[in-house]
Amino acid sequence: MTEYDLLNLQYNHMGEARRDMSRTLTERSRNLSLPRALYNDPFLFRVDMEEVFMKEWLFVGMTCEVPTPGAYITVEVGQNPVLVVRDRDGEVRAFHNVCRHRGSRVCTGKKGKVANLTCPYHQWTYDLKGNLIFAGTEMGDGFDKSDFGLKPAHCRTAGGFIYVCLAEDEPPEIDAYLAALDAYMEPYDMENSKVAAESTLEENANWKLVVENNRECYHCSGSHPELLRTLLEWDDTTDPRATPEFKEHYERQAAEWDREGIPHKHVEFGLQNRIVRMPLKEGTAVMTMDGKPACRKNLGRIQNQSLGSMRILHLPNSWNHMQSDHVIVFQVQPISAQKTLVTTKWLVHKDAVEGEDYDVERMRYVWDQTNKQDRELAEQNQKGINSLAYQPGPYSETYEFGVINFLEWYGETILKNLTHDSL
């Protein structure tokens, strides 16, 4: 079989995979887990990447990670390297991290600071707005540098968060969510924060299993003893499991939020984005083993350290916990049908001094343990799904409604984008 035959076969497989994906998602029951192939088939994984991760808005980092002109971070979206940089006007921009000469990556590090963006291969150089400013004299007199700027990616910021979309045409609407995020994150002043710690775990599980695990706390009592020292499992006062005692606790906490001018009303934007502020267990301030603050300096204008946790969900790749003294942000990066990277960052006030104002190990201990426990759960889940014995199982409407909502969003998004492709 020739290379051409193999490419043609792969092309045919992708067409078949898209048809299978459309049929399966149209016919599936919303109260059952997905069929096996959607968790482990490499062709269906490629559909996920093309129709979700290359067309939807993705969380890629925090604006404080690019604090000054020339500061940059890089991320990988499948096989697409992306560069995020702050230009000299203070605007955060995103580009495909691909030189317009022969396609080499321009910035090879995870982060850095430069005066201009110079490709290490042949020294083609771009300014911080992506314009090609140097290609040498070897290109000839007829070469027009203005035709070879870096290819931009859609980029938006709000509340200290950076979102990127690789869609070739108009990206999905996100304005309403970003406006709410700006308002709800205002007390934290994330521009004046910094990353105190970062970890990345490689999980041998499909990205959807990683997100599903996050979207329910049905497993928490059996798996997360450290987390449950402070975390209350309920997502809202409307949670069907919420007790009268919890609702009273919430009202007392809400009165404190109001006194400090801290927004807390539950807001959501379809099934993709939600912001909700929840109290932690009474007598605890933040998610540490003893429930006491992890950093002496509060973020932004926050005064009361017992503000609970503001939870921010952004599908398909991020969930976050905002607390008075530090925040924790999570980023999901699919690698293959059965491999996912989960990056966690802990952020504190930019003037906080390690060893004086905060102890890194103490700050990150609870979520380090929780992440390791979740990795084990997701990997065991994947191993079971790979078995011939697996068949889609029922979700609890009470305990697993977050998973049901995630998969409903996932199915609707795939079908929407597949339909758009066929037009």
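Me: Where does Pro316 lie in this model?
Reply: In this predicted model, Pro316 sits in the loop that joins strand S14 (309-314) to strand S15 (318-322).

Me: What makes the peptide bond from Leu315 to Pro316 cis?
Reply: Its omega is near 20 degrees, and the bond from Leu315 to Pro316 is accordingly listed as cis.

Me: Which domains does the assignment give, and how many residues does each put into the contact?
Reply: The domain assignment gives domain 1 (57-171) and domain 2 (179-386). Domain 1 brings 17 residues to the contact and domain 2 brings 22. Taken over C-alpha atoms, the centres of domain 1 and domain 2 are 30 Å apart.

Me: How much area do domain 1 and domain 2 bury between them, and which residues of domain 1 lose the most?
Reply: The two domains bury about 1,500 Å², with 58% of it on carbon and sulfur atoms. On the side of domain 1, Phe59, Cys64 and Phe161 lose the most area to domain 2, together 35% of what that side buries.

Me: Why is the pair of Arg86 and Glu191 called a salt bridge?
Reply: The closest N and O atoms of Arg86 and Glu191 are 3.4 Å apart. The cut-off is 4 Å, so the pair qualifies. Across the interface of domain 1 and domain 2 the rule finds 2 salt bridges, and 7 residue pairs are in polar contact between these domains.

Me: Which strands supply the side of domain 1 that touches domain 2, and what kinds of residue are there?
Reply: Strand S1 (58-62), strand S2 (71-77) and strand S10 (161-165) each supply at least two residues. The largest share, 5 residues, comes from S1. By kind, that side divides into 10 nonpolar, 4 polar and 3 charged residues.

Me: How do you know that Glu202 and Lys339 form a salt bridge, and what makes the pair one that links distant parts of the chain?
Reply: Their closest N and O atoms are 3.2 Å apart, which is within the 4 Å cut-off, so the pair is a salt bridge. Glu202 is in strand S11 (residues 193-203) and Lys339 in strand S17 (residues 339-349), 137 residues apart. The whole structure holds 24 salt bridges by this search.

Notes. Residues numbered from 1 in each chain as written. Predicted model: local features only at pLDDT ≥ 70, side-chain atom pairs only at ≥ 80, totals over all residues. Heavy atoms only, no water. Domains from an automatic or database assignment. Contact = heavy atoms within 4.5 Å. Buried area = accessible area lost by both parts, 1.4 Å probe. Salt bridge = Lys/Arg side-chain N within 4 Å of Asp/Glu carboxyl O. Polar contact = N/O pair within 3.5 Å; in protein donor to acceptor, adjacent residues only side chain to side chain. Helix = DSSP H or I, 4+ residues; strand = E, 2+ residues; numbered from the N terminus. Nonpolar A, V, L, I, M, F, W, Y, C, P; charged D, E, K, R; others polar.
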